[in-house]
Each structure stands twice: as structure tokens, then as C-alpha cells.
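Take a look at the sequence and the fold before reading on.

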Amino acid sequence: MALDELTEELARSAAAGDHRALGELLARIEPDVMRHCARILPYHQDAEEASQDTLLAVARNIGRFEGRARFSTWLHIVTANCARTTYRSLKRRAAEQTSDELPMQKPDVRRVSVIAGSRLDLLDAMEALEADKPDLAQALVLRDIVQLDYNEVAEQLNIPLGTAKSRIHQARKYVQGVLGEDYR
């Protein structure tokens, strides 16, 4: 999500309390947020839900944007977190609905595209990583989902560059282990 300087300026104004700037900011970022959510969540309706949650989170938390990093970096993180939260919520709802029925199964491969199925598997693996090793998950999300470079990951996490690279490597190995041989 590469945002132009006008969007960055709107974000700084909105963070300072300018409600008009916030409204304009939300309108400008909405298409990019939706595209980013759609890259993470395979179903359009789920991506729309995550997109709306992201815009709401931006509106509620814009005052926390300090301007130390670019707004686009902050927005990437908020978007990725909202998409992952939406996925966990949908998974929990599905489990509650099927708890009296058959045990939850993997999606039927005849009805789910290879891309969508692999994204669901990856989200499951990320959820396992986050539960087991949250420091590794945070680094992996910033690098592979938010697509920050290694220096930006280190800066965002306030850790040395070597530590950031190590966490990302360990996280990728963990995820590959969860996904199994088919994903190597």
C-alpha cells in the first residue's frame, strides 16, 4: 500500500484531531485497504468485513498514530491485524455452528480454489505460530504480509536487524513445519 504524500498529510492532520481530514483519509484509503484484505482473506465477503473493521480501527485509533513512521506502514499493520482477527472470528463462529454437528473439516477442495485453500492453510499456520511464538509471528506478519523490508521490520519491533532476520527465518521454518511437505 504505497500512499501518496497527500494521504500521509491527511493522516497527520487526522491524528492531530482534524475530523474533516479523517473523513477524507478514510475515503482515500478504503480501496487500498480492501485490496490488502482481499490478498489475505480468500472470500470477498470476509475481506469486506475485515476492510470495514480496519477503517473503524483507523478512525478510532488515528490519535495513536505518532508520525514516527509513514502512515502507510502503520496502516499495513492495522490492516493485517484486522484481517487476521476477522479470520479468527469467522473460524470461531464456524466452530460454534458446527459443534453439535460433525467435527470441523478442511474446506472441500472441489469447491475452494487452490489459492483460497492455501491462504486458509497459511492463516491456520499463522494462528498456530501466534499462539506458540508471538514474537516470531509479529516479525513474519510485518515482513511477509505487510511486506516491509528487513530494516523496517527491525525498526517497527525496536530490535536489531540480525534479530529481525532470525525471527523471520524461524517463523518461516515453523510455518513450513505446520503446513507440511506439500508447501515446501
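## The salt bridges overall

Keep in mind that this is a predicted model. Side chains of opposite charge can pair when their charged atoms come close.

## A pair across two parts of the chain

Let's start with aspartate 4 and arginine 28, whose side chains meet in a salt bridge with an N to O distance of 2.6 Å. Aspartate 4 sits in the segment before α1 (5-15), while arginine 28 belongs to helix α2 (residues 19-40), so this pair ties together parts that lie 24 residues apart in sequence.

How exposed are the two partners? Aspartate 4 comes out as partly exposed, at 37% relative accessibility. Arginine 28 is partly exposed as well, at 31%.

## Pairs within helix α2

Glutamate 24 is partly exposed, with a relative accessible area of 33%, whereas arginine 20 reaches 54% and is exposed. The cut-off that matters here is 50%: arginine 20 counts as exposed because its value is over that mark.

Then there's aspartate 32, which forms a salt bridge with arginine 35; their closest N and O atoms are 2.2 Å apart. Both residues lie in helix α2, and the spacing is three residues, again about one turn of the helix. As for arginine 35, its relative accessibility is 52%, so this residue counts as exposed too.

## A positive phi at asparagine 158

Now for the backbone. Which residue has a positive phi although it is not a glycine? That's asparagine 158, with a phi of about 55°.

Where does asparagine 158 sit? You'll find this residue in the loop between α7 (150-157) and α8 (161-179). Asparagine 158 is also exposed, with a relative accessibility of 71%.

Conventions:
Residues numbered from 1 in each chain as written. Predicted model: local features only at pLDDT ≥ 70, side-chain atom pairs only at ≥ 80, totals over all residues. Heavy atoms only, no water. Salt bridge = Lys/Arg side-chain N within 4 Å of Asp/Glu carboxyl O. Helix = DSSP H or I, 4+ residues; strand = E, 2+ residues; numbered from the N terminus. Buried < 20%, exposed > 50% of the residue type's maximum accessible area, 1.4 Å probe, protein only.
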